[in-house]
Amino acid sequence: MLRLLRAEWTKFRSVPGWVRGSAVAALMILLFPLTGLGGGAPEQASPVPIGPDGAPVSAGFYFVHRPLSGDGRITVAVTSLTSLRAGDSGTAAPWAKAGLIITAGPEPGSRYAAVMVTGEHGVRMQHDYLYDRAGLPGAVSATAVRWLRLTRSGDTITGEASTDGTHWSQVATVRLPGLAATVQAGLFVACPQQVQGVGTAGDMATAAFSVPQLAGDWPATTWTGDQIGAHTATFAGYPRGGSGGFAPTGDGFTVTGSGDLAPATRSDLPVGVAAGDLLFGTFPALIVIVVVATLMITTEYRYGLIRSTLSASTRRGRVLVAKAVVLAGVTFTTSLAATLLAIPLWLRLVRSLGIYLFPTTSGALLRAQIGTAALLAVTAVFALAVGTILRRSATAVTTVVAATVLPYLLALTPFLPPPMAQWLTRVTPAAALAVQQTLTRYPQVDSVYTPANGYYPLPPWAGLAVLCGYTALALALAVVLLRRRDA
């Protein structure tokens, strides 16, 4: 086997076109991101609210509040929650929110803890935008009232819920480090805007509250209503120029609000750049690699050299495996070197240009770099196998490109329904591009989670496994046909 590997390596490096092709593919990975930075220009960007964890957030809601000095407790009953949905009223958007909140300040991105009812996800305890804990299930109504209670003790906030105001169950206890002695606390309502292609909707939500019951050091002031986050409408989910409001009723308050308290997603920040975007050169590089890989076998068929190659071993499958190992090794090495250089280089350039960059962990960056190199290496072996099966360069290149690149390009088209885009990047070899995903999909946020926005339906390595499956099948068929033909 070592003799076969040495022979195939010698053959590969003796063909200048193949060597140049590998170098060109690496350069495309390194240089091509320049074409993908349009739309992220600083002059197009708006201020991005940043949460306590450094992540971009949607921070907009209507707040009916009073100051709380020191420790204290607030209790309220929520008797209804409705919102506009697809032009109809009387229902609530799935993540419409109404409840109690303690916040460190009015600025979007400030620390907070809230216990709330939602349109379709029951009672929740959320804090600092990223963190969510489920409580009592079921929607709120006149016959299914939900009592909520929020207790502050130092920097510790406890959220509780009840169906009768007597028997309480704890939803969660959280800490808000650095919470000031005096904070603002009270009622809030938020409702995300309509999300195209996902099936959720809601511009303004309205909730009915009982008179809040207070315990602790609450200064003798009246309730004040404020629109929080209105000046960050692009990211808070508010229609521009829109605002909520509140009105006292005989037995409490009616509060109307919009926006959201949640992590921001790609659809909230269309001018932002994700680290995965900086690997845009994968697509032209992939086409070059496919051409090199197919030529590695089809050239031998074209010039009648395949018989000489196969005569070097009585086990023809080993010949093809040796070609695959050499090809995959060269492709992985050159591609990895390119990705390891490209990501730090372009990250520095993006930051220097003032373009907003979605935060990404070092582990996710390394996975994207290694995964991209593995993606190109496996695709090269896939192309080699298809070239062996078809024995014609043009046909093989067209087949592999159609199987790997075309599904992703179709998924990017705006008129393709999101379920179809997700299907294409789930069951075709294009699923392997999931290794480049560096954005987070949040279960508590309904958004446009599509490949066009940088979200894939499969986990990164599972997506690569789909391509590996196709490659294994193609390679097995190529070995069978190689043994039966050219005898």
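**Note on the predicted model**

1. Val189 lies in strand E12, which spans residues 182-190. The model is a predicted one. Val189 has a relative accessibility of 0% and therefore counts as buried. Leaving out residues up to four places away in sequence, Val189 touches Phe61, Tyr62, Lys97, Ala98, Ala205, Ala207, Phe209, Val255, Thr256, Gly257 and Ser258. Thr206 is 17 residues from Val189 in sequence, and the two C-alpha atoms are 7.2 Å apart.

2. Some totals for the chain. The protein chain has 487 residues, of which 54% are buried. Its secondary structure consists of 11 helices and 18 strands. Among contacts with a separation of 6 or more, 74% join residues 24 or more positions apart. The accessible surface comes to about 20200 Å², and carbon and sulfur atoms account for 61% of that area.

3. The largest nonpolar core holds 54 residues, and Phe12, Leu278, Val290, Met296, Leu327 and Leu384 have the most contacts inside it. Two or more residues come from each of helix H2 (16-31), helix H4 (282-302), H6, helix H7 (362-390), helix H8 (393-404) and helix H11 (460-484). The most is given by H6, with 12 residues. Another core, of 40 residues, lies apart from this one, and its members include Ala92, Ala172, Ala207 and Trp223. Ala207 is also one of the residues that Val189 touches. As background, nonpolar side chains in soluble globular proteins tend to be buried together.

4. Leu340 lies in H6, which covers residues 316-352. With a relative accessible area of 41%, Leu340 is partly exposed. Together with Leu366, Ile370 and Trp461, Leu340 forms a nonpolar patch on the surface, with about 350 Å² of accessible area for the four together.

5. Which residues of helix H10 are buried? In H10 (residues 418-427) they are Ala421, Leu424 and Thr425. These residues lie on the same side of H10, because they cover an arc of only 85 degrees around the axis. An α-helix has 3.6 residues a turn, so residues three or four places apart point the same way. Helix H9 (406-412) is included in what covers the buried residues of H10.

6. Glu160 deserves a look as a charged residue in a strand. Its place is in strand E10, residues 156-162. Is Glu160 buried or exposed? At a relative accessible area of 13%, Glu160 is buried. Beyond its neighbours within four places in sequence, Glu160 is in contact with Val115, Trp147, Leu148, Arg149, Thr151, Trp168, Ser169, Gln170 and Val171.

7. The loop between strand E7 (123-127) and strand E8 (131-134) contains Asp128, and Tyr129 lies in the loop between E7 and E8 as well. Asp128 is not a glycine, yet has a positive phi of about 50 degrees. Tyr129, also not a glycine, has a positive phi of about 75 degrees. Asp128 counts as buried at 4% relative accessibility, and Tyr129 counts as buried at 4% too.

8. The structure holds six salt bridges. One of them joins Arg111 and Asp128, with 2.5 Å between the closest N and O atoms. Arg111 sits in the loop between strand E5 (97-103) and strand E6 (112-118), and Asp128 in the loop between E7 and E8, so the pair ties together parts that are 17 residues apart in sequence. Arg111 is partly exposed, at a relative accessible area of 26%, whereas Asp128 counts as buried at 4%.

9. Asp132 forms a salt bridge with Arg124, and their closest N and O atoms are 2.4 Å apart. Asp132 is partly exposed, at 27% relative accessible area, while Arg124 is buried, at 13%.

10. Arg175 and Asp155 form a salt bridge, with the closest N and O atoms 2.9 Å apart. Arg175 lies in strand E11 (residues 168-175) and Asp155 in the loop between strand E9 (146-153) and E10, so this pair ties together parts 20 residues apart in sequence. Arg175 is partly exposed, with a relative accessible area of 48%, and Asp155 counts as partly exposed at 22%.

Key: Residues numbered from 1 in each chain as written. Predicted model: local features only at pLDDT ≥ 70, side-chain atom pairs only at ≥ 80, totals over all residues. Heavy atoms only, no water. Buried < 20%, exposed > 50% of the residue type's maximum accessible area, 1.4 Å probe, protein only. Helix = DSSP H or I, 4+ residues; strand = E, 2+ residues; numbered from the N terminus. Arc of directions from axis to C-beta. Contact = heavy atoms within 4.5 Å. Patch = residues over 30% accessible without salt bridge, like charges linked within 9 Å, V, L, I, M, F, W, Y side chains within 5 Å. Areas by Shrake-Rupley, 256 points an atom, 1.4 Å probe, with all protein chains shown as cover. Salt bridge = Lys/Arg side-chain N within 4 Å of Asp/Glu carboxyl O. Core = buried A, V, L, I, M, F, W, Y, C linked by side-chain atoms within 4.5 Å.
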